[in-house]
Amino acid sequence: MSARTEIPGYTYLRPLGAGGYAEVHLYEQQSPRRQVAIKFLSASVTSAATRRLFQAEAEAMARLAEHPHIVQVFLTDTTPDGRPFLVMQYYPLANMAERARSERLAVSEVLRVGVQLASAVETAHRAGILHRDIKPANVLTSSYGQPGLTDFGIATSANDPTEEASAVSVPWAPPELLFSGGGADVRSDVYSLGATLWHLLVRRSPFEEPGGDNSTTALMQRARSRPVPRTGRDDVPAELERVLAQAMAKAPEGRPATAVDLARMLQRVEASQGWSVSPLVLVDPDAGRRPAGDDTGERTVL
């Protein structure tokens, strides 16, 4: 990672991580006083296309800033030496990839996280944004244990499904993005969300073989040709196995049509187990017209 960058109004604390075309550092903002994560375009990046991707990420996240399960962007700016940066909400706990490596997550928690993330993904889709890179490492954890979806760096417009992104994360990507080179749609994100939940339950990606050939080519071939494997956990209800298999159907038309459809399927699993049903967090345009006591399982965010 590059040396610390001084930004007026912020005190540098420490590096948080790096990957792809960006790096993230922890700063303390002076007013209002709070810790923030600042994401910089890497100093080595000179490509105009990559700079456009970075700017597109800032714009996408800013449009979705009010959702409680999407990482908030407070500010976008440029350093004196011309590097764009984003000032973002800081999530101090382990991301979901790290948690899956270190602990066996309860099925009830995975279902809750699934409904919350589906709410975030549905919100992005309704704003015309496809994430395209949903995976455990892109789900951060707040101080209160709540998930936050981040890294819209290769997001594309839902209104232009032929638009190409620079890369996808193979272990959680749907076959149509790995092989056909075709455009994404909302069901591509549904697949990646299903693959992410499978990973959280099993502690590895769906087509990874412990001790086997897990090269990119091998993973791609399995994702295209093999049925979605069962989780192998005795505490995973059969209904949830079916939901995950449907979310990761090979053909997009075999998947839930929307993220909110997937969320409602997860809610039905929760209800069937006698667990609390996690609310969908969505803007509800009919909230003011609905009779009192008419509970749809959606929480209105205004």
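Here are legends for a handful of close-up views of this predicted model.

Residue numbers start from 1 along each chain as its sequence is written. As the model is predicted, local features need pLDDT of at least 70 and side-chain atom pairs count only at pLDDT 80 or more, while totals for chains, interfaces and linings use all residues, and side-chain values rest on heavy atoms, with hydrogens and water left out.

**View 1. Five strands make an open, antiparallel sheet in the order 1-2-3-5-4.**
Strand 1 (10-19) and strand 4 sit at the edges with a single partner strand each, so one side of each has no neighbour in the sheet. From one strand to the next, the twist averages 25°. Strands here are DSSP runs of E, at least two residues long, and helices are runs of H or I of at least four, both numbered from the N terminus. Two strands count as paired if DSSP finds at least two bridges between them. Strand 2 (residues 22-30) and strand 3 run antiparallel and share nine bridges, and Glu-23 has Phe-40 in strand 3 as its bridge partner.

**View 2. Strand 5 (residues 84-89) is mostly covered, with five of its six residues buried.**
Buried means under 20% relative accessible area, exposed means over 50%, and partly exposed is in between (1.4 Å probe, protein chains only). Strand 3 (residues 33-41) pairs with strand 5 in the antiparallel sense over five bridges, and Val-36 stands opposite Gln-89. Strand 4 (residues 73-78) also pairs antiparallel with strand 5 over five bridges; here Asp-77 has Phe-85 as its bridge partner. Strands 4 and 5 form a hairpin with five residues between them, and Gly-82 in the turn has a positive phi of about 90°.

**View 3. Helix 5 (residues 186-202) is largely enclosed by the rest of the structure, because 15 of its 17 residues are buried.**
From first C-alpha to last, helix 5 reaches 25 Å, close to the 24 Å expected at 1.5 Å a residue (the expected span is 1.5 Å times one less than the number of residues). Ser-192 is in this helix and, at 4% relative accessibility, counts as buried. Not counting residues up to four places away in sequence, Ser-192 touches Ile-134, Trp-172, Ala-173 and Pro-174; contact means heavy atoms within 4.5 Å. Just after the helix, Arg-203 takes a positive phi of about 75°.

**View 4. The largest nonpolar core has 71 residues, and Phe-152, Leu-200, Leu-201, Leu-240 and Leu-266 touch the most other members.**
Helix 3 (residues 107-126) gives the most to this core, with 10 residues. A nonpolar core is a set of buried Ala, Val, Leu, Ile, Met, Phe, Trp, Tyr and Cys residues joined through side-chain atoms within 4.5 Å. Leaving aside neighbours within four places in sequence, the contacts of Leu-200 include Met-96, Ala-100, Leu-105 and Val-110. Apart from that core lies another, of nine residues, among them Tyr-10, Tyr-12, Ile-38 and Val-87.

**View 5. Over residues 161-165, pLDDT stays under 50.**
The model has 10 contacts beyond four places in sequence for this stretch. Residues 287-297 also stay under 50, with six such contacts. pLDDT is the predictor's confidence in each residue, from 0 to 100. For the protein, the mean is 87, and 86% of residues reach 70 or more. Where pLDDT is low, the predicted coordinates should not be read in detail.

How values were computed. Axes fitted to C-alpha atoms, helices over the stretch in contact; angles between N-to-C directions.
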